[in-house]
Amino acid sequence: MPLTVATIMKPQRDVSPAIALEVSIPSDAAEARRLQDEIEQVLLARQVNDRDIFSIKLALEEALVNAIKHGNQMNHLKKIHVAYQLFPDHFDIQITDDGPGFDPSDVPDPTAFENLERPCGRGLMLMRHYMNEVAYNDLGNTVTMSKLFRTNPNPSANGKK
Amino acid sequence: MSSQPRRRRLEVEQIGDVTVVNFVDRKILDDQNIQIIGDQLFGLVENEGFRKLLLNFGNVEYLSSAALGKLITLNKKLHTAGGRLILCNIDPQILEVFEITKLDKVFNIQKEEQAALQAF
């Protein structure tokens, strides 16, 4: 039927990811680094702009450190499960650790005056700032983050670079 | 290649009475790496007795919140010892990290090294 043909031929680019990958890595900084480099290469190859790459890298670094350190307590036997999808206009990533989870609302505001000099607690805040969406599952051991790419990197909007 | 614990991560130079520190690494990431950098910075205050520290971030493209934690601790150690810490030459993207976390209010941040030297 002509209608079906037309439906089939309709481009699917907006709904299916260009790249989708799932990996499990040990709770190890070097493994996490390798994965981060791999994701950066994927983003660079798709010509994602520098600022969005910086944002994703930073959020990813914080999320993986949280998973290794706080989630899996540096236990090398525990794994981190990562799934990411790259779409033409956005990047999604889900990171799950094998830990007991946590309640993100328990993390004190690091910018409150009394917390400003505490050396910890800024990772989650940076993730929220640099990604468009950061959500935890009920247990608190899976974080899902999404980054919408800026359509045209407008140099007047952000000073240099 | 991931473990090089003995490598020096800082380049230290004395300009007048100010100790100017440049970072060897372009990315200040990884727990182990940050630990080493932190220890070497603390050593400048605790072992070598320097009191005016200027950290030049000219080489640094990237740092994480764990690195910010070390800088906060360094700042406290210097204050306790009656010293001063100034940061300079921070890439605009990294400066934004300081601003988001309001650490631009905690640290004395100067644009250029020359201005920073005069700010002590």
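Trainee: In this predicted model, how many salt bridges does the rule find across the interface of chain A and chain B?
Mentor: The criterion asks for a side-chain nitrogen of Lys or Arg within 4 Å of a carboxyl oxygen of Asp or Glu. Across the interface of chain A and chain B, the number of salt bridges found is 3.

Trainee: Which helix gives the most to the side of chain A that touches chain B?
Mentor: Three elements of chain A each give two or more residues to that side: helix H2 (29-45), helix H3 (50-71) and helix H4 (123-130). By class, the residues of this side divide into 10 nonpolar, 3 polar and 13 charged. With 8 residues, the element that gives the most is H3(A).

Trainee: What area do chain A and chain B bury between them?
Mentor: The contact draws 26 residues from chain A and 26 residues from chain B. Of the buried area, 57% lies on carbon and sulfur atoms. The total that the two chains bury between them is about 2,400 Å².

Trainee: Which three residues supply more of the area that chain A buries against chain B than any other three?
Mentor: The share of this trio is 23% of the area that chain A buries against chain B. The residues concerned are Phe54(A), Glu117(A) and Arg122(A).

Trainee: Which element supplies the largest share of the lining of the second largest pocket?
Mentor: This pocket has a volume of about 640 Å³, and its lining comprises 34 residues, with Val65(A), Asn66(A), Lys69(A), His70(A) and Gly121(A) nearest its centre. The lining divides into 15 nonpolar, 13 polar and 6 charged residues. The largest share, 8 residues, comes from H3(A).

Trainee: What is the volume of the largest cavity?
Mentor: The structure holds 1 cavity of 30 Å³ or more. The lining of the largest cavity includes Phe23(B), Ile28(B), Phe57(B) and Lys70(B), and helix H1 (31-46) and helix H2 (65-80) of chain B are the elements that give two or more residues to this lining. By class, the lining has 9 nonpolar, no polar and 1 charged residues. The volume of the largest cavity is about 60 Å³.

Terms used: Residues are numbered from 1 along each chain as its sequence is written. Chains are lettered from A and ligands numbered from 1 in the order in which they are written. This is a predicted model: local features need pLDDT of at least 70, side-chain atom pairs count only at pLDDT 80 or more; totals for chains, interfaces and linings use all residues. Side-chain values use heavy atoms; hydrogens and water are left out. On a 1 Å grid over the protein atoms alone, a cavity is a set of points where a 1.4 Å probe fits but cannot get out, and a pocket is an open set with protein on both sides within 12 Å along at least five of seven lines; lining residues have an atom within 4 Å of a point. Grid points are joined across faces, edges and corners, and a volume is the space filled by probe spheres set on the points. Helices (H or I, at least four residues) and strands (E, at least two) are DSSP runs, numbered from the N terminus. Ala, Val, Leu, Ile, Met, Phe, Trp, Tyr, Cys and Pro count as nonpolar, Asp, Glu, Lys and Arg as charged, and the others, Gly among them, as polar. Contact means heavy atoms within 4.5 Å. Buried area is the accessible area (1.4 Å probe) that two parts lose on being put together, summed over both.
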